[in-house]
Amino acid sequence: MNLRDLKYIIAVAETRHFGRAAEHCFVSQPTLSGQIRKLEEELGVTIFERSNRSVAITPVGQEILHHARQIMEQAEAIQQVSKRHQDPLAGPLRIGAIPTLSPYLMPLILAPLKKRHPQMQLVLSEEMTGTLLQRLQRHEIDAALLATPADSPDLDTLPLFDEPFWVAYPRNHPFYTREKITQSDLDSENLLLLSEGHCLADQAMAVCHLQQRQSEGEMADLRAASLETLIQLVGAGYGITLIPALAMRGSWASGSGVVAQPLASADASRQVALVYRHSFPRQAALRALAAVILDNLPNTVTPLDPSQA
């Protein structure tokens, strides 16, 4: 039994005529009739009752026809999947991104991506780094936009850009009159951090050379779950914080009472990269996405060359 035999059965059932079925399948009538006869002998049942005037399908033939149609439908689906994957840019591309990056990067690239690669269907999810790495290893997403290195032999990285940290502080803060702010200026400040699990919190601590979070005093329990909430705390006068440069395009940037300026330090930045499984077959799609990202970055970040990975 093969797909060709099933195609012959469907054609005869639909035309109720061996000659017309043969024409539909572009074979001779003796070929089609002989092949169906061989299949009936192989299965040990009669699929069609034949007479000089008509062809009728038997009850068991009806059951076989039902399955034949399902099989042919699935065979066609397999062909369509194969055709889509001949174009690596076509079809869904499941991308995860960390919460301190996604709200600020995605508005920059979604429209340009749709215009340049309309056949690509971007499926986005926003989660913290640890969760994204787990989902990547479980093949639940195809790649992740991260700001921390992925230490796994199964994962590869496309570096995208270096993103400097800016210092955000209330408008009435003494920093407002400074031409530049250095790392040493932060030593005596109340540094507000995101809650544990956010890589930005660890990066801010590293920039400020902090070994551990503040465990005592009124600042100990102020740990925001989102960057927007953190900015609100700054605006309310609870302290200062570090924000990545792309977040300067956030909704908070006007009317929040918060001022931000670059931190004058060569190492006060994070590297954003696209991390993916080494075995992922559609790496051309990831490089196409990376190219759109690099082409639409603001001048507040420094693009990197993915080919140097």
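**Rings, charges and cores**

Mentor: Let's start with phenylalanine 48, which counts as buried at 1% relative accessibility. Keep in mind that this is a predicted model.

Trainee: Okay. Which aromatic pair does phenylalanine 48 form?

Mentor: Phenylalanine 48 pairs with phenylalanine 18 in an edge-to-face arrangement, 6.1 Å centre to centre with 75° between the planes. The two come from distant parts of the chain, 30 residues apart: phenylalanine 18 is in helix α2 (residues 18–25) and phenylalanine 48 in strand β1 (residues 48–50).

Trainee: And phenylalanine 18, buried or exposed?

Mentor: Phenylalanine 18 is buried, because its relative accessibility is 8% and the cut-off for buried is under 20%.

Trainee: How many aromatic pairs are there?

Mentor: The count comes to two aromatic pairs. Tyrosine 169 and phenylalanine 175 form an edge-to-face pair too, 5.6 Å centre to centre and 85° between the planes. Both tyrosine 169 and phenylalanine 175 are buried.

Trainee: Switching to charges. How many salt bridges do you get?

Mentor: Eleven salt bridges. One of them joins arginine 94 to aspartate 142, with the closest N and O atoms 2.8 Å apart. That pair links distant parts of the chain, 48 residues apart: arginine 94 is in strand β3 (residues 91–97), and aspartate 142 is in the loop between α6 (129–137) and β5 (143–146).

Trainee: Is that aspartate 142 buried or exposed?

Mentor: Aspartate 142 is buried, at 5% relative accessible area. Arginine 94, on the other hand, counts as partly exposed because its relative accessibility is 30%.

Trainee: What about aspartate 295, which side chain does it meet in a salt bridge?

Mentor: Aspartate 295 meets arginine 116, at 2.9 Å from N to O. Here helix α9 (residues 283–295) supplies aspartate 295 and helix α5 (residues 102–116) supplies arginine 116, and the two residues are 179 apart in the chain. Aspartate 295 counts as exposed at 52% relative accessibility, and arginine 116 as partly exposed at 40%.

Trainee: Now the inside. How many residues are in the largest nonpolar core?

Mentor: It has 57 residues, and Leu145, Phe161, Leu286 and Ile293 have the most contacts inside it. Helix α9 gives the most to this core, with eight residues.

Trainee: Which residues is leucine 145 in contact with?

Mentor: Leaving aside neighbours within four places in sequence, leucine 145 touches a list that includes Ile95, Leu101, Leu105, Met106, Leu160, Leu274 and Ile293. There's also a second, separate core of 21 residues, including Ile9, Ala11, Phe18 and Ala21.

Trainee: What about strand β10, how many of its residues are buried?

Mentor: Four of the five residues of strand β10 (residues 258–262) are buried, so the strand is largely enclosed by the rest of the structure. Five bridges join β10 to β6, and the two run antiparallel. In that pairing, valine 167 stands opposite glutamine 261 in β10.

Trainee: I also clicked on histidine 173. Where is its place?

Mentor: Histidine 173 is in the loop between β6 (155–170) and β7 (193–194). Histidine 173 is buried, with a relative accessible area of 13%. Not counting residues up to four places away in sequence, histidine 173 touches Glu189 and Ile240.

Trainee: Let's zoom out. How many helices and strands are in the protein?

Mentor: Nine helices and twelve strands. There are 309 residues, and 45% of them count as buried. Of the contacts with a separation of 6 or more, 72% are between residues 24 or more positions apart.

Trainee: And how much of the accessible surface belongs to carbon and sulfur atoms?

Mentor: That share is 49%, out of an accessible surface of about 16500 Å².

Terms used
Residues numbered from 1 in each chain as written. Predicted model: local features only at pLDDT ≥ 70, side-chain atom pairs only at ≥ 80, totals over all residues. Heavy atoms only, no water. Buried < 20%, exposed > 50% of the residue type's maximum accessible area, 1.4 Å probe, protein only. Contact = heavy atoms within 4.5 Å. Areas by Shrake-Rupley, 256 points an atom, 1.4 Å probe, with all protein chains shown as cover. Salt bridge = Lys/Arg side-chain N within 4 Å of Asp/Glu carboxyl O. Core = buried A, V, L, I, M, F, W, Y, C linked by side-chain atoms within 4.5 Å. Phe/Tyr/Trp six-rings, centres within 6.5 Å; stacked < 30°, edge-to-face > 60°. Pairing = 2+ DSSP bridges.
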